[in-house]
Amino acid sequence: MGGQARRRRAVTVLTASAVSVCLVAASAPAVPLGIGDRLFPYLGNPGYDVLSYDIALTYSGRNDRPLEAVTTIDARITADLDRINLDFAHGTVRSVEVDGDPAGFTRAGEDLVITPEDVPDEGGRTRITVRHTSDPVAAEDREGGWVRTADGLAMANQADAAHLVFPCNDHPSDKAMFTFRITAPDSRTVVAGGMPAGVDRTRGTATWTYRTGHPMATELAQVSIGRSTVLRRTGPHGLPLRDVVPTAHRADLEQWPAKTPAQVSWMEERAGRYPFETYGLLLADASTGFALETQTLSLFERDLFTDPALPAWYVESIMVHELAHQWFGNSVSPRTWSDLWLGEGHATWYEALYAEERGGRTLDDRMKAAYEASDGWRADGGPPAAPRPPEPGRRIGIFRPNVYDGAALVLYALRETIGRRAFERLERDWTTRHRNGTAGTSDFVRLASRVAGRDLTGFLHPWLYGTTTPPMPGHPEWTSDDRSTTPALRPVTPGHRPDGSGE
Ligand SMILES: [Zn+2]
């Protein structure tokens with residue numbers, strides 16, 4: 001790294017015109033940048049690829065006060081840069097170092113704009129260390145990020161809120177390895193995504209380290225701090241499972257995570273081997289109104305499991321939804337947020353298949369109801385693969401029915417067309433081919449065509465991008481109506497929606 005910086009200095013000294021260009025650029029006002037995501041133009045930043053995050057947080061014991069934090073980012077530079085923009089919008093920045101040297105910084109929009117003496121050349125590596133606070137109290141106009149629970153904190157960063165918690169390149173197309181080092185009072189237990197890598201105890205506090213074994217998107221980071229009990233068990237082929245429950249509610253809750261091993265096996269039969277090193281449920285003592293597939297440790301609100309109005313098959317189908325995301329959305333991340341349907345559509349698909357097996361709610365009935373509502377969903381939220389941007393200030397964001405049952409309906413239409421065997425092969429090929437990567441809608445259309453042995457572009461594009469719903473293969477009698485006010489297809493708020501809209 002140092003070598004890269006020195007080489008850069010030599011080049012600028014030799015090239016007078018390059019020097020003046022640099023000076024002009026450096027004195028221009030700092031501006032927020034993005035990578036051009038149609039739905040979230042301010043997310044992500046050009047010119048580098050994060051390899052790893054090391055996030056150190058110190059929790060005081062109160063969840064209404066900012067945590068002290070040090071975030072260290074190792075990145076590969078992918079373009080000639082004069083500055084490095086990170087996404088960071090909620091917290092105080094105390095200092096920034098780049099490759100060991102103090103660096104200037106300023107805020108612009110939701111970006112932290114860093115002006116090092118030198119940025120390594122394209123292809124070089126850099127280490128950025130930001131000392132900052134991480135504030136669990138939401139800004140008035142911007143929720144998400146930390147979730148304050150009855151006994152501590154958890155994270156819910158999807159879709160665009162990781163940069164309210166730590167500085168990062170906050171877009172799922174830039175996955176990286178994560179290390180979490182969390183210091184908390186002895187009264188709390190800390191569990192984060194990935195595997196434990198030690199606990200250091202000193203005078204009333206403990207520092208817990210966790211590391212991911214696979215790359216992860218910032219939106220999927222999870223850190224749980226609470227008065228918690230960790231339940232351990234073994235899943236299929238020795239997969240280590242650990243669940244986090246509030247100690248005070250353990251007796252009411254521990255029957256639920258016991259269902260996970262059988263659910264992992266059920267998913268593995270359909271989507272191939274579980275893609276990560278561990279899994280488990282984080283049952284948070286909080287009313288979130290949603291669950292979230294944070295990588296290797298899915299977040300659920302306690303109420304989902306204790307509400308007597310909810311049948312067991314329904315609760316289990318929501319557990320399967322978040323589990324299915326570990327393959328669809330986590331191991332295979334969306335290339336852009338317009339590809340969200342690939343995660344939510346598949347998670348809804350397996351949720352529905354599980355509900356059919358366990359709850360007797362037939363997939364055909366659910367898809368017929370979805371078909372009836374589909375034109376309305378497309379009118380409200382856009383077609384599944386070209387959703388409307390989130391409306392400012394509205395919590396519903398991009399998580400609308402068009403990407404849940406509306407997208408599962410696309411998968412149903414595809415299965416009706418290519419047949420069950422080809423469809424099931426496609427699902428396994430998809431999770432294998434793009435494992436630990438990112439993939440978009442065009443990749444899915446291409447792979448579906450290959451598996452089916454014919455070009456499906458002409459069939460799938462109207463389903464994915466049309467303003468109205470095409471005829472359903474095999475069910476010409478199904479109709480859709482954009483004025484339809486089809487009631488919710490589930491008994492309550494879908495447990496997985498990160499918006500808490502209560503719809
Ligand atoms: Zn989901």
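Helices (DSSP runs of H or I, at least four residues) and strands (runs of E, at least two) are numbered from the N terminus. Residues are numbered from 1 along each chain as its sequence is written. You are looking at a predicted model, where local features need pLDDT of at least 70, side-chain atom pairs count only at pLDDT 80 or more, and totals for chains, interfaces and linings use all residues.

**Stop 1: a loop residue**

Select Thr247. It sits in the loop between strand 17 (240-246) and helix 3 (250-253). Is Thr247 buried, exposed or partly exposed? Thr247 counts as partly exposed because it has 14 C-beta neighbours inside 10 Å. The cut-offs are these: buried is 20 or more other C-beta atoms within 10 Å of a residue's own, exposed is 12 or fewer, and partly exposed is in between, with C-beta atoms placed from the backbone.

Contact means that the C-beta atoms, placed from the backbone, lie within 7 Å. Thr229 is 18 residues from Thr247 along the chain, yet their C-alpha atoms are separated by 5.1 Å.

**Stop 2: a covered strand**

Select residues 84-87, which form strand 3. In a regular strand, side chains alternate between the two faces of the sheet. Ile84 and Leu86 lie on one side of strand 3, Asn85 and Asp87 on the other, and all are buried.

Next, show residues 111-115, strand 7. Strands 3 and 7 run antiparallel, joined by four bridges. Strands pair if DSSP finds at least two bridges between them.

**Stop 3: helix 10 against helix 11**

Select residues 420-433 for helix 10 and 441-452 for helix 11. Their axes are 9 Å apart and the packing angle is about 130 degrees. That makes helix 10 oblique to helix 11. Under 35 degrees is roughly parallel, over 145 roughly antiparallel, 65 to 115 roughly perpendicular, and the rest oblique. Axes are lines fitted to C-alpha atoms, for helices over the stretch in contact, with angles from 0 to 180 degrees between N-to-C directions.

Which residues of helix 10 meet helix 11? They are Ala422, Arg425, Leu426, Asp429, Trp430 and Arg433. Their partners in helix 11 are Phe444, Leu447, Ala448, Val451 and Ala452.

**Stop 4: on to helix 12**

Thr441, Val445, Ala448 and Ser449 in helix 11 meet Thr457, Leu460 and Leu464 in helix 12.

How values were computed:
Contact = placed C-beta atoms within 7 Å.
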